[in-house]
Amino acid sequence: MRSSALILICLLFLFSLSCSSHGASETPPGEVKKNKFRDREATDDALGYPNIEEDSLLNSKCPRNIELRWQTEVSSSIFATPLIADINSDGKIEVVVPSFVHYLEVLEGSDGDKLPGWPAFHQSNVHSSPLLFDIDKDGVSEIALATYNGEVLFFRTSGYLMTEKLEVPRRQVRKDWYIGLDSDPAKPSKPDVYDDTLVKQAADTRIDNSILGVNTSFSSPFEVSVNSSMNVSKPDSEGEVNNSTQSNIKLPNGMHNESKDIGSTGTIMGENTTQSQRRLLQDAQPKVEEKGSSESTIVKDAEIGAATVENDGGLEEDADSSFDIFREADELADEYNYDYDDYVNESMWGDEDWIEGRHEKLEDFVTIDAHILCTPVIADIDNDGTSEMIVAVSYFFDREYYDNPEHLKELGDINIEKYVAGSIVVFNLDTKQVKWTRELDVSTDAGTYRAYIYASPTVVDLDGDGTLDILVGTSFGLFYVLDHRGKVRSQFPLEMADIQAPVVAADINDDGKIEIVTADTHGNVVAWTAQGEEIWEQHVKSLVPQGPTIGDVDGDGHTDVVIPTISGNIYVLSGKDGTHVRPFPYHTHGRVMNQVLLVDLSKRNEKQKGLTLVTMSFDGYLYLIDGSTACADVVDIGETSYSMVLADNVDGGDDLDLIVTTMNGNVFCFSTPTPHNALKAWKSSNQGRNNAAYRFNREGIYVTHSSRAFRDEEGKNFWVEMEIIDKYRFPSGSQAPYNVTTTLLVPGNYQGERRIKQNEIVDKPGRHRVKLPTVPVRTTGTVLVEMVDKNGVYFSDEFSLTFHMHYYKLLKWLLVLPMLGMFGMLVILRPQEGAPLPSFSRNID
C-alpha cells in the first residue's frame, strides 16, 4: 500500500514538472519576444495632409496681434536653432544665427542689421546651435560652434575665428567587425528593458566597447540618408531639404556637405542626386521591398524635383530647366549676393572646402571620420569646478567627399558603407583635451537601424549624488544613461525604434522627482522613471522629429507634454498618465519639424488660462495655438523651418518678441503685446543646459527689473537682487535646496580675477540679494546668475553693466564745458556791424 502511494506521489510530481516546463516554454525555442515599440508603425505619416482653407486660417477668432518688427536674410538655409544673447556686454541683445554653409552670423536685435565684423567664415557645415563659453578666460564669452567635420570652433565677439579649437578624434574599429554577424542582432529576449544578453552578444562578435552590431535588414521608408546638400529650393516654390540634424531627413551617411549652388535668395541650391540611400519624406508612405528593390525605389523617388512647400509633386523637365540659371556657377560672381567687404577680410578665408586629415594606416583596423550632427552641452558633470563639453559624435565616411577617387584611395580597399558608429566624447574645457570617450553603437549603413546620433545629449542628476548623468538616444534605437565617468548605468540601455529627438528630463507628473521622456520615429512616446522603469507610453502614430516641451498647456494646474510630429499633428499628453489632453491634437497642414515653443502671451492686465503653443509648419504658416481652446492665429510666412521659435525682448522695448528662422535663410522678428519677463524668455532650445520646461509661474530664477537695468557702477560694491520662483505644490513641495552661483565676468584691462564668483545654498524661494565688488577700472561686465535645484535642473539669467564710464564722461565735460563757455562769450561780445570802433586817442577834436 505504501509503495503504491509512493509511486502515485512520484507520478504526480513528474506530471507537475512537465506542466511547469510546458508553461515556461510558451515561446518556441529559437524565437525571441518582439519589441513592442519597433513593431508599431507611424501610420499617420502615410495619410497626407488636409487641404489648406486659407480664409478660415487667416480669419482667426483668437488673434494674437503680433506684428513684423524686422526681417533679415542670411547667407544660406538655417537648420539649427539660433541663440539670443548680449555677446558684447553693451546692454543690447543680438541674435546669433548658424547658417548651414560656411558662415556664422550675428544680427542686432533692434533692427536685424549685421553686427560689424560679422558674418564669420568657417570651412564646414553646421547642424548645431551656437553656445557661449569663455574658453580663454579673458572675461568675455566666446561663441562655440560645433561643425559637421568633427570640430568645435570658437569665435570672438568681433567675428575673429580663434586658433583654439576642439577636435574629436576618429574612432577605430576592426576592419572585419561586421563579418559573420546575424542579420538583425538587436532582438533581446527582454525587448523593453536592459538585458545582459545584449552585452554578451556584442562581446561574442568582437565589437570593442560597443553594445550592438550591424543590422542588415531593409531600410525603413523614413530612414533617409542625405547625399547632397539638399534638394533645390526654388523661388515661389519651396522645396524639401534633404539635410538636417533636426529630423529624420538628416541621416548623414553620404551627406554632401558643400553647397552645390547658392541662389540669389540665399537659399541653398543643390542638384537632385540619384545615390541609393537618398530620398525625401514623402506624403504617402511607399512600399519598400527587401534587399535590392528598396534601393531602386529610393533612386526613383530621389529623381523627383522639389516643387512646393510640401513637395507634393516634381516639376516638369521644361519647368525645371528654367531654373538652370541659378545652377550655373559662372553666373554667381558674388556667391551670396552680399557685400561682405563691409564685414570680413576675404584674405583670411582660405579654401572653402574642408579636407579630412590623413588616416592612420593599420592592417586590421579602420579609423572612421568623426562628425557632429547635434548641439553639444557644456556643464560641470563631475562637480570638480571645471566645465566639460559633452559631444554626441557620429562616425562615418561622408559619401560625397569619398566620391572623389583621390580621397577614397587614401582609405585603401574598404567598403565605406560598412562603418557607422556613435560615441559620447567629453572634453575638459580647461585643458581642451578629451577627458573620456564612451563608445556606443556600431552598424553598417544598410540596416534598418543605424548608429548615428542626431539628438543632443541631456545632462541631469538622476540619483542625487551631486554629479550629472548623461542621457542620449541613438538612431540605433537605444536610450543610454551614462554616469559622469562614462559608465552605462544599471537597467540601461532601453530599446525603442530610431530615436532622433533629444531625451527630456523633467518632472512631468508633479511629484517633485525627475522623469525621463523619450520619443522615436515609429511614434512611440514613453515616460520612464530615473531607474528605467516604464511609467506610461503612448503611440501617436507619427514620426517624432524633435524633443517634447513640458508645461501646463491648458491651465488646469497639471503638467503636460507637447509632441510635434511630421504628420502635422501637435499632441498634448498628460504628464501623469500619457492620456490625450483635449481638444488636442491640433492639425496643421504640413510637417512640424521643430520643437514647440510654450509661452504666456497674455496682454497687460490680462489673465490668460494656459499657454500658447508657437511653431512653424511645412505649410508655410507660423501657428500660435491657444492651449486651453486649441484656437489658432496664423501668420503666412510662405517658408518652412526646422528650428525652434525663440522668445525674448530683443529690440530693447518692454514687450516679448518672437524670432523665427527659415530654410530660405530668412530671420523674422515679430513683436507681441505681451510684457516681457525674464522667465518667459526662451533664448535657446534647451534654455542653457537641460531645461525643456516652461519656467514662468513654475520654477526658475531671474534678476529683478531694477537690478538688470543697464547702468554704470562706481564705488566699491554693488547689489544684485534676484528672485527664485518655485510654484510646486503639495505633496511634492518645493525643489529646494537651490544652489545659486553669481558670477561677474570682467573683460578689458582689468588685471585681477576675470571671473568673480559667489556661491550660496538657498533653502526657500523668494527674493535674495548678493553683494559683488566693483572693479577699479573703466570696463564693461556681465553678471551671470545660475541656479541648480535638488534634481540638478539648471536655470540661469544674466545682464550687462559698465564700471566707471560716467566718471570719464564727467572728465570729458569738465574739459569741454569751459571751452564752450569761452566760445559763447566771444560770440556775445563780437563787434556789432556798423558800430564805430572804440578810440583811445587823447585828441578829442
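Helices (H or I, at least four residues) and strands (E, at least two) are taken here as DSSP runs, numbered from the N terminus, and two strands are said to pair if DSSP finds at least two bridges between them. The structure is a predicted model, in which local features need pLDDT of at least 70, side-chain atom pairs count only at pLDDT 80 or more, and totals for chains, interfaces and linings use all residues. Residues are numbered from 1 along each chain as its sequence is written, and side-chain values use heavy atoms, with hydrogens and water left out.

Strand S25 (residues 524-528) pairs with strand S26 (residues 534-539) in the antiparallel sense, over 5 bridges. Within this pairing, Val526 has Glu537 of S26 as its bridge partner. There are 5 residues between the two strands of the hairpin, and Gly532 takes a positive phi near 90 degrees.

Of its 845 residues, 59% count as buried, where buried means under 20% relative accessible area, exposed over 50%, and partly exposed in between (1.4 Å probe, protein chains only). The protein exposes about 35,500 Å², and carbon and sulfur atoms supply 51% of that area; accessible areas come from the Shrake-Rupley method with a 1.4 Å probe, and for residues only the protein chains shown count as cover. Contact is defined as heavy atoms within 4.5 Å. Among contacts between residues at least 6 apart in sequence, 64% join residues at least 24 apart.

Another hairpin is built from S28 and S29. Strand S28 (residues 560-564) and S29 pair in the antiparallel sense over 5 bridges, with Val561 opposite Leu573 in S29. This hairpin has 4 residues between its strands, and here Gly568 takes a positive phi near 90 degrees. S29 also pairs with strand S30 (residues 586-587), antiparallel and through 2 bridges; in that pairing Asn569 stands opposite His587. Why is S29 largely enclosed by the rest of the structure? Strand S29 (residues 569-574) is largely enclosed because 6 of its 6 residues are buried. In a regular strand the side chains alternate between the two faces of the sheet. Both faces of S29 are covered, with Asn569, Tyr571 and Leu573 buried on one side and Ile570, Val572 and Ser574 buried on the other.

An open sheet is formed by 4 strands in the order S19-S20-S21-S22, with antiparallel pairing. Its edge strands, S19 (458-460) and S22 (494-495), each pair on one side only. Strand S20 (residues 469-473) is joined to strand S21 (residues 478-482) by 4 bridges, and the two run antiparallel. Val472 stands opposite Tyr480 in S21.

The discussion of this sheet leads on to the nonpolar cores. In soluble globular proteins, nonpolar side chains tend to be buried together. A nonpolar core is a set of buried Ala, Val, Leu, Ile, Met, Phe, Trp, Tyr and Cys residues joined through side-chain atoms within 4.5 Å. The largest such core has 71 residues, of which Ile381, Ile424, Ile470, Leu471, Phe479, Val740 and Val783 touch the most other members. S21 gives the most to this core, with 5 residues. A second, separate core of 56 residues includes Trp70, Leu598, Ile637 and Met644. Leaving aside neighbours within four places in sequence, the contacts of Ile381 include Val426, Trp436, Val459 and Ile470, and also Glu388 and His484.

Leu362 lies in the loop between helix H6 (317-321) and strand S13 (365-368), and is partly exposed, with a relative accessible area of 27%. Not counting residues up to four places away in sequence, Leu362 touches Gln172 and Lys175. Leu362 and Lys175 are 187 residues apart in sequence, yet 9.2 Å apart in space, C-alpha to C-alpha. Glu410, in helix H7 (residues 405-411), counts as buried at 14% relative accessibility. Beyond its neighbours within four places in sequence, Glu410 is in contact with Arg358, His359 and Lys361.
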